[in-house]
Amino acid sequence: MFGWLERNPFFFAVGVFLVIAFAGLIEIVPDFAQQSRPVAGAKPYDLLRLAGRQVYIKESCNACHSQLIRPFKIETDRYGMYSLNGEYAYDRPFLWGSKRTGPDLHRVGNYRTSDWHANHMWDPTSVVPGSIMPAYKHLFTNETDLETAYAEALTVKKVFNVPYDKDLDGDGKIDVPLGTFEEAKQRAFQDALKIAEETKRKDLVDMVKAGKIPEVVALIAYMNGLK
Amino acid sequence: MQNPAIEYDYTVARWFSYLAILFGILGMGIGVWIAFELAFPELNYVGGEYTLFSRLRPIHTNVVAYGFTLSGIWATWYYVGQRVLKVSLAESKFLQGVAKLHFWLYFVTALLAVISLLARYTTSKEYAQFEWPLDILVVIIWVLWGISIFGLIGIRREKTLYISMWYYIATFLGVAMLYLFNNMEVPTYLVTGMGDPLHSVSMYAGTNDAMVQWWFGHNAVAFVFTVPIIAMIYYYLPKESGQPVYSYKLSLLSFWGLMFVYLWAGGHHLIYSTVPDWMQTMGSIFSVILILPSWGSALNMLLTMKGEWHQLKENPLIKFMVLASTFYMLSTLEGPIQSIKSVNALAHFTDWIPGHVHDGTLGWVGFMIIAAIMHMAPRFFKREIYSKKLLEMQFWLQTTGIVLYFSSMWIAGITQGMMWRAVDQYGNLAYSFIDTVTVLHPYYTLRGIGGLFYFIGLFMWAYNFYKTMKASRELEKEPAFASPMAA
């Protein structure tokens, strides 16, 4: 049979394809629908956080930081409750990472504050002596691209039915409003101003007041929401 | 037997060889640089934000995997393909054109890819960072290669596909399937008419995205770093040594075994994550089973040298290829060990993983491509290899580099893994995270030095190749087996 396949390239190729496609079919497909269900309380990212998440991705933070706490006592002691499948339901893409050159960040919002982050991104060794993480000073002057973040939010709302503008917990209130770009932008600026003030850095507050959100503010908003 | 009438057309094979050398130096140069950044963080700021570790790391992996390795794969394809099918590219103007288009489109895409990564365009998925317009270009390049493979098969004289052909076909099909599914993404501008036109959002969310990514990610390793490299060694080792392949049956078992088993193993990247437990277990078990077909190929190559081991002493190209097989065996034993759940609990997220990747890529992939291109050089230019001595020196320098690399990363990974889990007498964590980072400094330095050795070896390779092209003694006819080289 193999000798015959080796003289008939078309059937050889079909054979190879079937053999390699088999595993994906069995492993991935059956659980696909089930795995994307959100855990109770999971909410989509508001505009500023989504923009911050895009900054996290643009800077490839996931090259050194994981967002996956494994179910071991030594991990839950260090980072908090182990990660649950349904917590990731609105993560497109997932950001688990594969290497912890720095610590896990899946629940960093529980134990770090806005001013800690600002100091850390400006000069990591000022808050973590011995740190080998570089400073990200350009994030203090780069302007956040809210429009692309809004485009992404609107896309996932339209295409994947991500529940923006919906009452998720049945308390009669909309949980994560999106609305029009202008409405979303206004809320993002309110959130950004609050965070900029928390960082106690005048340059960041001034920039937000001048109508520009520094990327670091969006990034901090995202990380504060990781709980 | 050999048909003397066939004049093989090596133009595109030559072009891809130049590119492999170029991308090898670029990609591994960046690798050495970021290795030293981990030891000496001030190096991050040399080029402003553009030399930050996180910016360069994806460029390093992409240039090495899709620049150096793919160029090497295609350099060998445009050489081996013609020879094992007994047909020249020059016999079909169409296929010749496709080959050239393939090369140029690839070159342009590679440049755009580097620029886009420098400019922070990334989807964040490892080895699949490119944004959607680049993905489309990659698909076109892949289709061109497919036309080249099946076009050449269509006009072949040798009716039976040689073992190398099996592996090239598998590379083509495997990567096509994986790349398409993992890069399913929705361009946000096309949906909303707003924001950055290059931005896209993944079709899959959370755990699903992770499953697809590591089904892809692990098998990108399979179908870029393993399968086509086996295609090479099945051609170049018998050719350079003048020995027939040891066992046809073993090659059959290894090929079909590898095809069936490899795809299951992706789950070992997700052990103790939130993917279903049975899938983690499957990933773990199949990773261990994977030793069989992997060692099957490697042993088949080593046994091909049976009775001819004196060649190992005499011919540096045989040295490169035999050590490549050996590193392949090491790497395919190490991987399964790391996939065992209890070992994975320790090794995952540590430097042991990059250590494992690099004994495979530097030792197996790098050495095989270096040997293949140096084997082809005398055939490309009808000249003998410029310097055997330089090739010998390169071999030993690079081998030392690899040993420094993986041994330092083994120690670093296991040290850090043990420190993360260490507890004091009351059961509290013994070390803060930063303690487990500062302790790694000597190993990071050593790793950088190992990488530097390998990198210097690349320049020796480039110089030797260049001199072979320009200044070496001319040959009267194409050598049949061992590549002639000047002392």
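In this predicted model, Pro93(A) sits in the loop between α5 and α6 (114–122) of chain A, where helices (H or I, at least four residues) and strands (E, at least two) are DSSP runs numbered from the N terminus. A cis peptide bond, with omega about -5 degrees, joins Arg92(A) to Pro93(A). Residues are numbered from 1 along each chain as its sequence is written, while chains are lettered from A and ligands numbered from 1 in the order in which they are written. Because the model is predicted, local features need pLDDT of at least 70 and side-chain atom pairs count only at pLDDT 80 or more, whereas totals for chains, interfaces and linings use all residues.

**Chain A as a whole**

- Chain A has 11 helices and zero strands, and read along the sequence its pattern is α-α-α-α-α-α-α-α-α-α-α.
- The radius of gyration of chain A is 22 Å, whereas a compact globule of 227 residues would have one near 17 Å; this radius is taken over C-alpha atoms, and the globule rule is 2.2 Å times the number of residues to the power 0.38.
- Along the principal axes, the C-alpha atoms of chain A fill a box of roughly 75 × 50 × 35 Å.
- Of the 227 residues in chain A, 46% are buried, a residue being buried if 20 or more other C-beta atoms lie within 10 Å of its own, exposed if 12 or fewer, and partly exposed in between, with C-beta atoms placed from the backbone.
- The domain assignment of chain A, whose bounds come from an automatic or database assignment, gives domain 1 (2–30) and domain 2 (47–59 + 104–224), and the C-alpha centres of these two domains lie 46 Å apart.

**Chain B as a whole**

- Chain B comes to 17 helices and two strands, and its radius of gyration of 23 Å is close to the 23 Å that the globule rule gives for 487 residues, so chain B is as compact as a globular protein of that length.
- The box filled by the C-alpha atoms of chain B, taken along the principal axes, is roughly 80 × 55 × 45 Å, and 56% of the 487 residues count as buried.
- Among the contacts in chain B with a separation of 6 or more, 81% are between residues 24 or more positions apart, two residues being in contact if their C-beta atoms, placed from the backbone, lie within 7 Å.

**The nonpolar core**

- The largest nonpolar core has 215 residues, and those with the most contacts inside it are Val217(A), Ile169(B), Ile233(B), Met321(B), Ala324(B), Met368(B) and Ala371(B); such a core is a set of buried Ala, Val, Leu, Ile, Met, Phe, Trp, Tyr and Cys residues joined through C-beta atoms within 7 Å.
- Helix α7 (residues 206–241) of chain B gives the most to this core, with 22 residues, and at least three residues come from each of domain 1 (2–30) and domain 2 (47–59 + 104–224) of chain A.
- Leaving aside residues up to four places away in sequence, Ala371(B) touches Tyr236(B), Leu317(B), Phe320(B), Met321(B) and Ala324(B).

**Where the chains meet**

- In the contact between the chains, 68 residues of chain A meet 70 residues of chain B.
- On the side of chain A that touches chain B, the elements giving two or more residues are α1 (2–7), α2 (9–28), α3 (32–35), α4 (47–58), α5 (73–79) and α8 (146–160) of chain A, and the largest share, 12 residues, comes from α2(A).
- By class, this side of chain A has 37 nonpolar, 14 polar and 17 charged residues, where Ala, Val, Leu, Ile, Met, Phe, Trp, Tyr, Cys and Pro count as nonpolar, Asp, Glu, Lys and Arg as charged, and the others, Gly among them, as polar.

- Helix α4 (residues 132–154) of chain B has 23 residues and reaches 32 Å from its first C-alpha to its last, close to the 33 Å expected at 1.5 Å a residue, the expected span being 1.5 Å times one less than the number of residues.
- The buried residues of α4(B), among them Trp132(B) and Trp145(B), pack against α2 (53–85), α3 (93–118), α5 (163–182), β1 (185–187) and β2 (200–202) of chain B.

**Positive phi outside glycine**

- Lys200(A), in the loop between α9 (181–198) and α10 (202–209) of chain A, has a positive phi near 60 degrees and is exposed, with 12 other C-beta atoms within 10 Å.
- Tyr272(B), found in the loop between α8 (248–262) and α9 (277–289) of chain B, has a positive phi of about 65 degrees and is partly exposed, with 19 other C-beta atoms within 10 Å.
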